[in-house]
Structure formats: structure tokens, C-alpha cells
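This report looks at the cross-links between side chains, beginning with the disulfides and ending with the salt bridges. Please keep the sequence and the model in view while reading.

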Amino acid sequence: MPAPQANSSEPFGEQDHRGDADIKKSENRRPANTAFRQQRLKAWQPILTPKSVLPLFFVVGVIFAPIGGLLLWASSTVSELVIDYSDCRSLAATNNSIPDDKFKYTFKTPYKSPPTWNLTTDANGAEVCRLTFDIPEPIGPPVFMYYRLTNFYQNHRRYVKSLDMDQLKGKAVKNATINSGQCDPLKLDENGKAYYPCGLIANSMFNDTITSPVYLNARDGIEQTYNMTNKGIAWDSDKELIKKTEYEPGAVVPPPNWRERYPDGYANGIPNLHEDEEFMVWMRTAALPTFSKLSRRNDNSSMSAGFYQLDIQSNFPVTEYGGTKSILISTRTVLGGQNPSMGIAYVVVGGVCVLLGALFTIAHLVRPRKLGDHTYLTWNNEPETSATTTGHDRSGLHAH
């Protein structure tokens with residue numbers, strides 16, 4: 001009987017050689033047989049049982065509750081006075097007494113009399129809201145003065161992006177290359193000159209003029225100014241970022257809302273924003289619609305108990321958008337200013353953990369659940385190595 005003919009014209013040995021090459025090629029696509037590539041690294045896989053979980057609830061509660069109490073205590077030691085002067089122009093003309101819902105005292109000692117306000121004029125004839133308030137006990141140093149705005153959304157997406165970083169870094173940016181997509185419509189004025197600084201953030205800068213408080217209870221009868229400075233109120237990172245501009249005088253104009261501050265434009269020189277820390281504070285946008293920004297500070301002398309007078313030239317409009325503006329005088333602790341929110345959160349978390357721990361402990365003691373044998377879990381089984389399987393495949397192929 002004749003031998004069967006091969007279906008291919010290629011020798012059998014060459015076919016067998018190509019088969020081995022294909023096998024090796026397919027093997028090369030496999031990840032290396034290492035602990036990292038094959039996910040055999042050692043790992044801690046805890047088994048959660050009542051004996052391990054229940055103590056954690058009590059440990060968290062015992063740790064968090066005292067921390068929350070400490071934060072609440074620190075917040076309560078901060079002395080603070082808040083006066084909302086948004087309606088000073090409309091209400092002070094008829095009544096000098098500030099309504100009770102417009103001010104807030106947080107002192108250990110009760111105040112002698114509520115604050116008052118009245119309208120007056122300064123040396124330049126500008127209208128001024130004059131606040132008179134009582135500091136019932138010596139505070140500081142340091143003593144901080146903030147302005148607080150409500151319902152002002154500095155966190156709006158288009159508002160946050162409305163600036164040109166190259167301008168703020170001091171570069172004389174050409175009109176054609178100013179970030180028009182973000183600075184518009186406050187990029188160029190009607191004469192084609194660039195606004196400096198451009199954008200919505202700079203244009204809406206808080207521009208109420210706040211003076212230092214004047215002490216009215218001096219022994220010699222002479223009014224004494226409690227000097228507060230606007231230096232040292234900005235972050236160091238902002239001072240490193242915002243530099244003196246390279247623009248030439250006459251090349252740029254102030255934003256529209258800066259016209260009252262610079263009625264002749266920049267005829268007397270372009271302001272050096274590197275030294276304007278109030279501008280830096282404003283340009284660091286707030287995350288919430290109600291925020292306080294540092295305006296003045298005194299790090300050297302305490303604020304004596306007694307009556308003070310504070311003049312504010314009110315230029316920043318807030319009633320148009322339903323907001324308010326307040327003046328805030330405060331001290332601080334090593335944990336910061338007055339803010340009980342963090343302390344309340346710690347106390348609540350600690351209390352909830354202790355409560356849940358007690359409930360779960362009672363449930364475990366009354367109706368315990370039978371636990372399974374953890375030795376049957378999958379990670380306790382030794383997986384079959386790929387080398388053994390590959391060896392079987394190769395031997396079968398060659399045997400065939």
C-alpha cells in the first residue's frame with residue numbers, strides 16, 4: 001500500500017520548527033512570572049470580626065470627642081465683634097442705634113452699651129459711616145480687622161478665571177495677546193487701551209475705605225488712634241507671584257470700578273501691585289459665598305477696654321445683589337480664629353462612633369452570629385503555577 005502524500009510541499013521538519021517558534025512567540029506575550037506581575041505580593045487582608053471591629057468604634061470615639069472639645073474650647077476663647085453696616089446710609093439718618101440683628105459680641109465680659117452709627121463727612125467732603133462701639137475687655141495682641149461679605153460668589157467658574165496671570169506677574173502684555181477669552185469684556189476700553197489689571201476679579205475689588213479705630217477713653221481726654229496696618233495681611237506666595245508692572249505710563253488704564261480711586265487714570269503713575277497687599281488678598285478668591293478677608297492688623301499692642309470710633313467710607317455696593325457687608329474685629333488662638341464647626345464635627349463623629357459601638361456590642365452579646373472558618377478563604381489556597389500547566393502543554397504537543 002503506497003505511503004500517504006503530504007498535503008503541503010514544505011518538509012515536515014520545517015513545519016515542526018515553525019510550530020515551536022509560534023509557541024515561543026505566544027509565550028513571550030505573557031507577563032513575567034514574578035510576584036509583582038502575577039499579583040502574588042504579600043498583603044494584609046484583615047478578617048473583620050466583632051472582637052476586632054467593636055474596639056475600633058470606642059477608640060475612635062475616645063480620640064475624636066476630646067479633640068472636638070478642645071477645638072470648641074479654643075474657639076470660645078476668641079474675642080470677636082461683628083457689625084453689619086450695609087444699611088448705614090439708609091438707617092443711620094433716622095436712628096443712631098444699630099438694630100440688634102446687625103451686630104454680635106463674643107467676649108467674656110458683657111458690653112456696656114450697644115454700638116451706634118451715624119453719617120458724617122470727612123476732610124474731603126466724602127460721606128462716611130461712623131461706627132461707635134464698646135470693647136468690654138482688653139484684647140490682643142494680635143488684633144485683626146476683617147471685612148465680611150455675604151451672597152458674593154467669588155467661586156463662580158467664569159469669575160475665577162477672569163484674570164491674566166502674565167499681567168499680574170508684571171509683564172507688559174500686548175493687547176493682542178491678553179487672555180481675551182477670560183478677561184472679556186474687561187480687556188480693552190473704548191480707546192483700545194488695555195485695562196490693568198484686566199478681568200472681573202480686579203474690577204470688583206472691595207473698595208470701602210476703612211480707617212484705624214480711634215480710642216475715645218484716653219485718660220488725658222485726647223483721642224488716640226489704635227494704629228492698624230495693611231502690611232503683612234497677604235500670603236507670601238501671592239507676594240512672590242504679583243510683581244511690579246513693566247507697562248509704560250499711558251499704555252494702560254484702570255478698570256471701570258477703579259475710576260473713583262484714580263479719577264485721572266494712571267496719569268500720576270501706574271500703581272505697584274507688588275506692594276498692594278489688599279489687592280492680593282482680594283485676588284485670592286473665596287470658596288464660599290460668605291467669606292471674610294483680612295484688612296488690617298496690629299501685632300504689637302493690645303486693644304484697651306473702652307469705646308472706639310471707626311470711620312468707613314462706603315463705596316462697595318451690596319444691596320443690588322442682596323448681600324451684606326460687615327466689619328469684624330477679632331483675636332485668635334494657636335488653632336486659629338472663631339470657628340466652632342470643626343469642633344462640632346469631631347464631637348459628633350466621636351459620639352456616633354461610641355453609640356454605634358455600644359449598640360453593636362449589645363447586639364453581639366444578645367444574639368451572636370456564628371463565624372465561618374477563615375481557613376477556607378480563597379487566598380489561603382496555593383494557586384496552581386503556570387509553569388506546570390505549560391510543561392503539560394509542551395509535552396502533549398511533542399507527544400502528538
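Cys 198 is buried, with a relative accessible area of 2%, where buried means under 20% relative accessible area, exposed over 50% and partly exposed in between, with a 1.4 Å probe and protein chains only. This is a predicted model, in which local features need pLDDT of at least 70 and side-chain atom pairs count only at pLDDT 80 or more, while totals for chains, interfaces and linings use all residues. Residues are numbered from 1 along each chain as its sequence is written, and side-chain values use heavy atoms, with hydrogens and water left out.

**Disulfides**

A disulfide is a covalent bond between the sulfur atoms of two cysteines. Taking as a disulfide any pair of cysteine sulfur atoms within 2.5 Å, a search of the whole structure finds 2. Cys 198 is joined by a disulfide to Cys 183, S to S 2.1 Å. This pair links distant parts of the chain, 15 residues apart, with Cys 183 in helix H6 (residues 180-183) and Cys 198 in the loop between strand S6 (194-195) and H7; helices (H or I, at least four residues) and strands (E, at least two) are DSSP runs, numbered from the N terminus. Cys 183 is buried too, its relative accessible area being 0%.

The sulfur atoms of Cys 88 and Cys 129 lie 2.0 Å apart in a disulfide, and this link is right-handed, with 100° about the S-S bond. Because Cys 88 lies in helix H3 and Cys 129 in strand S4, the pair ties together parts that are 41 residues apart in sequence. Both Cys 88 and Cys 129 are buried. When the bonded cysteines of the chain are numbered in sequence order, the pairing reads 1-2, 3-4.

**Salt bridges**

With a salt bridge defined as a side-chain nitrogen of Lys or Arg within 4 Å of a carboxyl oxygen of Asp or Glu, the whole structure holds 13 of them. The table gives some of these pairs.

| Salt bridge | N to O distance |
|---|---|
| Glu 127 and Arg 89 | 2.8 Å |
| Lys 325 and Asp 208 | 3.0 Å |
| Arg 297 and Asp 299 | 3.1 Å |

Glu 127 counts as partly exposed at 36% relative accessibility, whereas Arg 89, at 51%, counts as exposed. Both Lys 325 and Asp 208, by contrast, are buried. In the remaining pair of the table, Arg 297 counts as buried at 14% relative accessibility, while Asp 299 counts as partly exposed at 40%.
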